[in-house]
Amino acid sequence: MSAASRILAVIVSQIVLGFVASADDVPALVPYPSKVRMLGGKSQTQSVKVLKDASLGSEAYRLSVRDDGVEIWCSSSAGEFYARKTIAQLRSDNGTLPCLDIEDAPHFSWRGVLLDESRHFFGKDVVKRILDRMSDYKLNLFHWHLVDSQGWRIQIDRYPELTKRGAVRPMPDWEHWIRDDGFGEYGPFFYTKDDIREIVAYAAARHIRIVPEIEIPGHSRAVIMCYPQFSCVSMDVFMDMIRTSGKYDQAGAVCLGNDDVIRFFENVLDEVCELFPYDTVHIGGDECPRDNWKNCPKCKARMKAKEIADASGLQSWATAHFVKYLADKGRRTVGWDEILQGGLAPGAIVMSWRGHEGGIAAAQSGHEVVMCPHLYCYLDYPTGEKDDRCAYPQFCFLEKRRLPLEKVYSFNPYEGMPKEHHRYIVGSQSLNWTESTWSEKDLAYKMWPRTCANAEVLWSGPGARTFNDFQSRLKRCNSARWD
Ligand SMILES: [Zn+2]
């Protein structure tokens, strides 16, 4: 073999070892780092030295493992945190580490998990366990769905009714409850302000920020049960909508012609912003029925006064109002993709859930996008596995809503989007709606390992690795324990 051939052979073997080595040589890391160079051999070292490198991004790190010690380079505590998470996944049962070099940085900045605690409430300990697991997979955002028609779960001092009446529903079973007030009790379940502060601190220690969601103006039945004057219709009509006319969704919209409703949500957002020290607040905006507004004297008067053409324009007016209200408090607004209808105030972030289309349109008009289309990201959809014994809502059983691990992994947030708009996609998240999820066991089954697949798409980038490679690493990954 010539010298040139030998050099070539060495280069090829390095590439093979570093990037496409046989399954057992690829370290069982999830998500997989940007660059890995295996050096051969094991290290017994416990010594870890942290060095500053200001040229690295805030979540990026470099890692080197040698016989005589481990070195981490990073520009911030987040980079060091993620390097230590990587070390934890690398460490074998007997305590050794493979000698290697890693360079790593996330592809997306928004790597989230949504938990719906309105439909079913899980409590602080479960939330902490979710935050622990999120941090193992370098997820950095917890979208906390605390408010919906089925229960208000956050203490608001100015409106104590919300956590008395609003945090109780007469039936634990969501599918029966939605059509009837029925009997029995579920609650009161909610987080006190001290609970929230505890969770915020717990998440911050794991480099996870929290985006709280306060639904406006739909999904507000719990609010109206506490404050009937916030509905466009009388309580008799409201109850008729719920019980007999099949218009239970329509009952969930507040009256946008009523100034007291606007003040109510402003006051709620004031207290929410005090609790959550982050730059982003979610105001919902999805699935809001608008029929009540068309016949309501107050809503009609608002539309006339503001020269608003139709009911969708009325929702746009309200969204723009709260986008500005939050901007004046130094916060950015996130909303579901329905907030695009009728025009959207600059600066708002769009969460594209009905498909990619909303996100594509939002990016075209210069809005940042969290791309989380339900067919890839809704973990209340069945896993398709033979041993799946969890309950699911009826609407989840359409064939196209089967969401096996491989489909979650195949998700491409950029699908259908011209390259010049990719920069508007800040990331994605898995969404854990809990209409039919009652227990932590079922929640964990639906959430993991599908959330790991989403986490790798977000950290490593779409299409960076193959599903087989992911599955092989996941099987061996020592963080992959969720029972
Ligand atoms: Zn009204």
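## A first look at helix α9 and its surroundings

The buried residues of α9 pack against β10 (209-213), β11 (280-282) and α12 (311-328). Here helices (H or I, at least four residues) and strands (E, at least two) are DSSP runs, numbered from the N terminus. A residue is buried if 20 or more other C-beta atoms lie within 10 Å of its own, exposed if 12 or fewer, and partly exposed in between, with C-beta atoms placed from the backbone. Two residues are in contact if those backbone-placed C-beta atoms lie within 7 Å.

Please keep in mind that this is a predicted model, where local features need pLDDT of at least 70, side-chain atom pairs count only at pLDDT 80 or more, and totals for chains, interfaces and linings use all residues. Residues are numbered from 1 along each chain as its sequence is written.

Let's stay with α9 for a moment. This helix covers residues 259-275, 17 residues in number, and reaches 25 Å from its first C-alpha to its last, close to the expected 24 Å; that expectation is 1.5 Å times one less than the number of residues.

| Part of α9 | Residues |
|---|---|
| Buried | Val 261, Ile 262, Phe 264, Phe 265, Val 268, Leu 269, Val 272 |
| Exposed, on the face turned away from the buried side | Asp 259, Asp 260, Arg 263, Glu 274 |

Seen down the axis of α9, the buried residues fall within an arc of 155°, so they line one face of the helix. The arc is that of the directions from the helix axis to the C-beta atoms.

Buried residues make up 44% of the 483 residues.

The domain assignment, which is automatic or from a database, gives domain 1 (3-104) and domain 2 (110-476). Their C-alpha centres lie 38 Å apart, and 11 residues of domain 1 are in contact with 15 residues of domain 2.

Asp 104 counts as buried because it has 24 C-beta neighbours inside 10 Å. Leaving aside residues up to four places away in sequence, Asp 104 touches Pro 33, Ser 34, Ala 60, Tyr 61 and Thr 86.
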